[in-house]
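Here are my notes on the model you sent over, point by point. Have it open while you read.

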Amino acid sequence: MKKLLMIGPLLVVFSALAVTTPRARETLSFPGIPVEFVFRSLQPGEVILAELKDNPSVKKLVLQVQDQKYVLSRTVSGAKPFVLIGLDIGLKPQPLVLTVKEEKTDGTVESFQQILTIETKEFPKRRFQVSEAMLNPPPQEQERVRREQELVAAVYRIVTPEWLGAGNFVPPIPDRTAFPNFGQQRIYNKAHTSIHQGVDIAAPWGTPVKASNSGNVVLASSLYLSGRTVIIDHGQGVFSLYCHLSKILVKRGEAIKKGALLGKVGNTGRSTGPHLHWGVKIFNSRVDPFSLVSLPLE
Ligand SMILES: [Zn+2]
C-alpha cells in the first residue's frame, strides 16, 4: 500500500513577519474578443478576472483554458457577467491556449484562439526538521485521513453555476498580516516535499474569522489534518477554505454573507500554533487568496 504522506496543512514556526507587496493590476484585451482580462500577473497561483465588455450582440461566451470551460452569459439582473480563471500553483511556464466561443443574439457562433504566456514564479523554499509522527498519521488514523480527503474532493466537485459572491473578496481576519508563504516549497527531514497551498495568518486563539465573500457553507467539520475546517462555495467553481479553527460557528448548507463570523482562530489538526490557514480553489486550480482579493469585483 502506498505510504501516506500527510504534510499539507502543517504549520511550522513563524520566524519573521513579512508583508506581501501587491503588484500593480494589469488589463489585457484582444482585438475581436469582447472580454477584458484583469490580473496581477500571468503566473502560477494567480487569478484572472474575465469580464464581458458592453456588447449587446453577445448572448453567451464560453472561455476555455486547458480542460476547464468558463461560461459568461447575460443575467436578468443586468450585472456585468464575469468569471474567475485560476492558474494552478503547479502550472509550468508555457504558452497557454485560450479558446473563446461567442454565441451572438442573432444565433451565429464565432470562435477565436489566443495565447496567454505564463511566466515563471520563484516560490520560497524552506527546510523543516520534524518528528516522523508529525509527517505520517498513525496507522489507525490513516483510513480516516483517506476518507476525509475523499469527502473534501467530493465537496469541490459540486459546482454552483451562479455567482453567489457580493463584490470584492476580503481577508478573513482584516487587521492581521498574512505570511507570504503561498506556494512555499517545504522540504521535511531532507526527503519529503510539499507545496503550501494557501496562506497562513497568525492571530491569537479565539480571534474572529469572517467569510471572505458571500456563498454557501459546503463543509463545516472537524478533520484530522486541517482541524476544524469550513469551506464556502462562492459559485462558478470558486471555493474558500478556513482551517485549524478552535470553534466553528456555521453549519453545512447555510448561506453566509461576506464578513459574517464563521468561526474562531485555533490550533486544531496538524498545527503548531494558533493561526488561520486560508486557501482558495477555482475548479481544480489552487490559487493565492490575495490574488483574488486584488481583483475589482464591485
Ligand atoms: Zn497553512
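1. Start at Gln185, whose bridge partner in S11 is Ile195. That bridge belongs to the pairing of strand S10 (residues 185–188) with strand S11 (residues 192–195), which runs in the antiparallel sense over 4 bridges. The two strands make a hairpin with 3 residues between them. In the turn, take a look at Asn189, which has a positive phi of about 50°. Keep in mind that this is a predicted model, and that goes for everything below.

2. Gln236 has one of about 50° although it is not a glycine, and His244, not a glycine either, has a positive phi of about 65°. For background, most residues other than glycine have a negative phi.

3. Where do Gln236 and His244 sit? Gln236 is in the loop between strand S15 (227–235) and strand S16 (238–245), whereas His244 is in strand S16 itself.

4. S13 and S19 pair over 3 bridges, in the antiparallel sense. If you want a residue pair to find this by, Lys210 stands opposite Leu261 in S19.

5. You'll find it in the loop between strand S18 (255–256) and strand S19 (261–264). What does Lys257 touch, leaving out residues up to four places away in sequence? The answer is Ala211 and Ser214. As for Leu276, 19 residues apart from Lys257 along the chain, the two C-alpha atoms are separated by 19 Å.

6. Now the whole chain. It contains 3 helices and 21 strands. A compact globule of 298 residues would have a radius of gyration near 19 Å, and the protein chain has 20 Å, so the two agree. The C-alpha trace spans about 65 × 40 × 40 Å along its principal axes. Of the 298 residues, 37% are buried. Among contacts with a separation of 6 or more, 67% are between residues 24 or more positions apart.

7. Last, confidence. The average pLDDT is 89, and 91% of the residues score at least 70. Residues 1–21 are another matter, with pLDDT below 50. This stretch still has 45 contacts in the model beyond near neighbours in sequence.

Technical notes: Residues numbered from 1 in each chain as written. Predicted model: local features only at pLDDT ≥ 70, side-chain atom pairs only at ≥ 80, totals over all residues. Contact = placed C-beta atoms within 7 Å. Pairing = 2+ DSSP bridges. Rg over C-alpha atoms; globule rule 2.2 N^0.38 Å. Buried ≥ 20, exposed ≤ 12 C-beta atoms within 10 Å, placed from the backbone. pLDDT = per-residue confidence, 0-100.
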